[in-house]
Amino acid sequence: MEAKILNEKRIELNEHVEMAMKSSVSLLFKNVFDCKPTPGIVAYGNGLETKADLSGIAGLIQSDMHGVLKVGFSEGLIFRLLEHIYQRKFSTIDHSVLDGVGELSNNIYGQFKKEMYDMGYSFRMTIPTVIYGKDHSVYPFLDGPGMLMPLRTDFGDMSISLILNQYLY
Amino acid sequence: MTASLGLHNKNTGDLFMSTQNYKVLVVDDFELARTMLIGVLQKLGIGKIIQAQDGMEAMNKLKTAQDEGNPFDMIFCDWKMPNYSGYELLVHCKKTDDLKNIPFIMVTAEADKPSVLKALTSGATDYLIKPFDAKSITDKVNRLVNSKAA
């Protein structure tokens, strides 16, 4: 248990998070893939279940709150993104694909953290973990509120979600 | 191996001419990040690009290059890596006489102000934030090449 940091602005699921999610994904696609993702309708709910073929997951930690930020990709999307960079075909999930999901997720987390920091929120993030399996589900053990933003890109669909939980002292 | 980050050689003609003799070390534990960065550096005409997957491998390659009398001209290094981080490598380089003058560009997704300040006050020459675009890399290489030529 960490000491509570005075004046820490606690993260809540609001338009700031929505803006940071949108900006972090948009910057990646603009800088690396020269396209602009279109966000869909954001879903809110408790115990939000998310599905994807490949997911990058990282913990998000404040002094009295923690959460999970997850980026979900379809297999087809990841293959097309990596083909764009490596200039070769991808058809199976190999080390390069998992490495790619990790790095792309990392880029999104870093930008998300920066956007949130610029809006007054500070927090730490864990090293991301990559999960794969066709149409897998991720069930959070956190019972707090969650939000999920689907995004459509020229290369396929993806999503970014955040689920929060308050520490119980 | 080419990464398409929207760079066109017509915008980098002069730079291309002056970077052919450059030897650059690219350090990142992610293959994708190395590939994207190397793709841009190749388009800038960097003559020799060597890769390392972590700080320890990078340190060995830096030492070997020094011993062979063919040192690196520039280092692009990720911050967070297993075994020996980019930050540890930066501190090591700045403490080592043979390495301290090699321009060290910290590459990382940690884009918040405290992280940037920490790298710069520890001796990093510059800072490249992921996801990077070709222009930001070109600008940084250009600046370093020009400052070396001056």
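Predicted model: local features only at pLDDT ≥ 70, side-chain atom pairs only at ≥ 80, totals over all residues.

What span should the 24 residues of helix H3 (residues 95-118) of chain A have, and how far apart are its end C-alpha atoms?

Mentor: Happy to! Residues are numbered from 1 along each chain as its sequence is written, chains are lettered from A and ligands numbered from 1 in the order in which they are written, and side-chain values use heavy atoms, leaving out hydrogens and water.

Now to your helix (helices are DSSP runs of H or I with at least four residues, numbered from the N terminus). At 1.5 Å a residue, H3 of chain A should span 34 Å, and this agrees with its end C-alpha atoms, which are 35 Å apart. The expected span is 1.5 Å times one less than the number of residues. H3(A) is largely enclosed by the rest of the structure, because 17 of its 24 residues are buried (under 20% relative accessible area, with a 1.4 Å probe and protein chains only).

Look at the two ends next. A:Asp94 caps the N-terminal end of H3(A), with a side-chain oxygen 3.1 Å from the backbone nitrogen of A:Ser96. After H3(A) comes A:Gly120, which has a positive phi, near 100°.

Let's move on to the interface of the two chains. The contact (heavy atoms within 4.5 Å) takes 26 residues from chain A and 23 residues from chain B. About 2100 Å² is buried between the chains, and carbon and sulfur atoms give 59% of that; buried area is the accessible area (1.4 Å probe) that two parts lose on being put together, summed over both. B:Phe30, B:Leu32 and B:Pro131 supply 32% of what chain B buries against chain A, more than any other three residues.

The count between the chains is one salt bridge, meaning a side-chain nitrogen of Lys or Arg within 4 Å of a carboxyl oxygen of Asp or Glu. The side chains of A:Glu103 and B:Lys130 form it, at 2.9 Å from N to O. On the side of chain B that touches chain A, helix H2 (31-43) and helix H5 (113-121) of chain B each give two or more residues. H2(B) gives the most, with five residues.

Definitions and conventions: Buried < 20%, exposed > 50% of the residue type's maximum accessible area, 1.4 Å probe, protein only. Polar contact = N/O pair within 3.5 Å; in protein donor to acceptor, adjacent residues only side chain to side chain.
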